[in-house]
Amino acid sequence: MAQYFEVHPDNPQPRLLKQAAALLAKGEVIAVPTDSSYALACQLDDRNAVDKLRRIRQIDEKRLLTLLCRDLSELANYARVDNRQYRLLKTCTPGPYTFVLEATKEVPRRVSHPQRKTIGLRVPEHPVLAELLALHGAPLLASTLIPPGETEPMNDPQEIRDRFEKLVGAVIDAGACTSEPTTVVDLTPMDAGGEPALIRQGRGPLGPLGL
């Protein structure tokens, strides 16, 4: 049975988030709010937790998961970033963007793209998730909380609790999130002097990307 943590969306109670972080450390998958929608999250280096997350979402290993980072210094440990890419990332983070970058050896092979060795990373702009990442002390692996067979993400924490309480370790209720997905941008063309490639236009504006 999932634990249910009701937290203030702007000033979350540290006591509750510490309990959520402890569940992550034990290998649980939890539902967390983000600046786009609710997501499922787990430890990056826990294979069982990653496999459980994929089972809940009913997605295979070909579906790229996203690494949630606290800040750019943390992101640089998991992706190769040159000066041009870093300047763009600094302009757009934190915020509702997902960036596809070349993965470093710190990223387990099972969570990077099998052919391209890339990883999707983002620095979310949500006070609750930012505090949880700080307490956890490491990035989290995540996937948008879209129920199997559906196309829209879930944003009502009470509904998430009702539908997933036997599958997840906890639900962090910070109120409803937006229902607009992140803007996804592939930065790997910049490695060869090219320009960023838009994969999906979402909540993040294109202006800061020069697109």
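Strand 6 and strand 7 (residues 118–122) run antiparallel to each other and are joined by four bridges. This comes from a predicted model, so treat the briefing below as a friendly tour of that model.

**Strand 6 and its partners**

- Across the pairing with strand 7, phenylalanine 99 has leucine 121 as its bridge partner.
- Strand 10 also pairs with strand 6, this time in parallel, through four bridges.
- In that pairing, tyrosine 97 sits opposite threonine 183 of strand 10.
- Strand 5 (residues 79–80) is another antiparallel partner of strand 6, with two bridges between them.
- Here arginine 80 faces glutamate 102, which belongs to strand 6.
- Is strand 6 mostly covered or mostly open? Strand 6, spanning residues 97–103, is mostly covered, with six of its seven residues buried.

- Arginine 84 is partly exposed at 29% relative accessibility, while glutamate 195 counts as exposed with 53%.
- Glutamate 28 and lysine 52 form another salt bridge, and their closest N and O atoms are 3.5 Å apart.
- That pair links distant parts of the chain: glutamate 28 is in the loop between helix 1 (14–25) and strand 2 (30–32), and lysine 52 is in helix 2 (residues 47–57), 24 residues apart.
- Glutamate 28 is partly exposed, at 25% relative accessibility, and lysine 52 is partly exposed too, at 24%.

- Which residue does arginine 47 pair with in a salt bridge? The partner is aspartate 51, and the closest N and O atoms of the two are 4.0 Å apart.
- Both residues belong to helix 2, where arginine 47 and aspartate 51 are four residues apart, or about one turn of the helix.
- Arginine 47 is partly exposed, having a relative accessible area of 47%, and aspartate 51 is partly exposed at 25%.

**A salt-bridge network**

- Salt bridges also connect Glu150, Glu159 and Arg163 in a network.

Terms used:
Residues are numbered from 1 along each chain as its sequence is written. This is a predicted model: local features need pLDDT of at least 70, side-chain atom pairs count only at pLDDT 80 or more; totals for chains, interfaces and linings use all residues. Side-chain values use heavy atoms; hydrogens and water are left out. A salt bridge is a side-chain nitrogen of Lys or Arg within 4 Å of a carboxyl oxygen of Asp or Glu. Buried means under 20% relative accessible area, exposed over 50%, partly exposed in between (1.4 Å probe, protein chains only). Two strands pair if DSSP finds at least two bridges between them.
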